[in-house]
Amino acid sequence: VQLQASGGGLVQAGGSLRLSCAASGDTFDQYTINWFRQVPGKEREFVGAIPWRGIRTSYSDSVKGRFTISRDNVKNTAYLQMNSLKPEDTAVHSCAADRRATYSAGYVPPYESMHYWGKGTQVTVSS
């Protein structure tokens with residue numbers, strides 16, 4: 001499956017952005033879609049995940065309550081709605097697909113376990 005993230009940009013602290021992850025080439029609804037982000041010089045950080053049915057999404061503590069992941073399996077697209085953005089959210093945000101259709105509660109997948117990656121999109125939050 002091929003993935004492409006889009007929707008990044010420059011926003012002031014407290015603002016919102018919605019990222020999209022468009023998929024093609026395979027049956028989108030068989031995958032769990034994950035969002036990761038990375039700042040130069042730092043390890044890739046898990047942001048959140050949504051299983052194939054869109055039930056029981058999971059989030060990192062740093063974004064919980066501010067970010068929401070959703071998906072539309074008809075449009076083969078996943079979304080990351082980011083509200084109350086902070087300067088520390090500045091990073092390249094990428095989506096990735098995992099062939100496991102769902103995760104156990106509380107599971108945080110390592111980025112090495114992802115099967116497919118899309119090119120990321122830059123999110124910059126100014127203070």
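This is a predicted model: local features need pLDDT of at least 70, side-chain atom pairs count only at pLDDT 80 or more; totals for chains, interfaces and linings use all residues.
Residues are numbered from 1 along each chain as its sequence is written, and side-chain values use heavy atoms, with hydrogens and water left out.

View 1. Strands (E, at least two residues) and helices (H or I, at least four) are DSSP runs numbered from the N terminus, and two strands pair if DSSP finds at least two bridges between them. Strand 7 pairs with strand 8 (residues 77-82) in the antiparallel sense over 6 bridges, and Ser70 stands opposite Tyr79 of strand 8. The hairpin has 4 residues between these two strands, and Asn76 takes a positive phi near 55° there. Arg71 also lies over the face of Phe28, at 4.5 Å from the ring centre, where a charge counts as sitting over a ring if NZ of Lys or CZ of Arg is within 6 Å of the ring centre and within 35 degrees of the ring normal.

**View 2. The largest nonpolar core.** A nonpolar core is a set of buried Ala, Val, Leu, Ile, Met, Phe, Trp, Tyr and Cys residues joined through side-chain atoms within 4.5 Å. The largest one has 26 residues, and those with the most contacts inside it are Ile33, Trp35, Leu80 and Met82. Among the elements that give two or more residues to this core are strand 1 (2-6), strand 4 (32-38) and strand 11 (121-126), while the largest share, 4 residues, comes from strand 3. With its neighbours within four places in sequence left aside, Leu80 is in contact with residues including Leu17, Trp35, Val47, Phe67 and His93, contact meaning heavy atoms within 4.5 Å.

**View 3. Strand 4 between its two partners.** Strand 4 is mostly covered, since 6 of its 7 residues are buried. It runs antiparallel to strand 9, to which 7 bridges join it, and Ile33 stands opposite Ala97 of strand 9. Strand 4 also pairs with strand 5 in the antiparallel sense over 5 bridges, with Trp35 opposite Gly48 of strand 5. The hairpin of strand 4 and strand 5 has 6 residues between the strands, and Gly41 in the turn has a positive phi of about 85°.

**View 4. Aromatic pairs.** The structure holds 4 aromatic pairs; rings of Phe, Tyr and Trp (its six-membered ring) pair if their centres lie within 6.5 Å, and planes under 30 degrees apart count as stacked, over 60 as edge-to-face and the rest as tilted. The ring centres of Tyr31 and Tyr116 are 5.9 Å apart and the planes stand at 85°, so this pair is edge-to-face. Because Tyr31 lies in the loop between strand 3 and strand 4 and Tyr116 in strand 10, the pair ties together parts that are 85 residues apart in sequence. Tyr31 counts as buried at 4% relative accessibility, whereas Tyr116 is partly exposed, with a relative accessible area of 23%. Tyr103 and Tyr107 also form an edge-to-face pair, 5.0 Å centre to centre with 70° between the planes.

**View 5. Pro109 in its loop.** Pro109 is found in the loop between strand 9 (91-98) and strand 10 (116-119), and counts as buried at 3% relative accessibility. With its neighbours within four places in sequence left aside, Pro109 is in contact with Asn34, Phe36, Phe46, Arg100, Tyr103 and Met114.

Notes. Buried means under 20% relative accessible area, exposed over 50%, partly exposed in between (1.4 Å probe, protein chains only).
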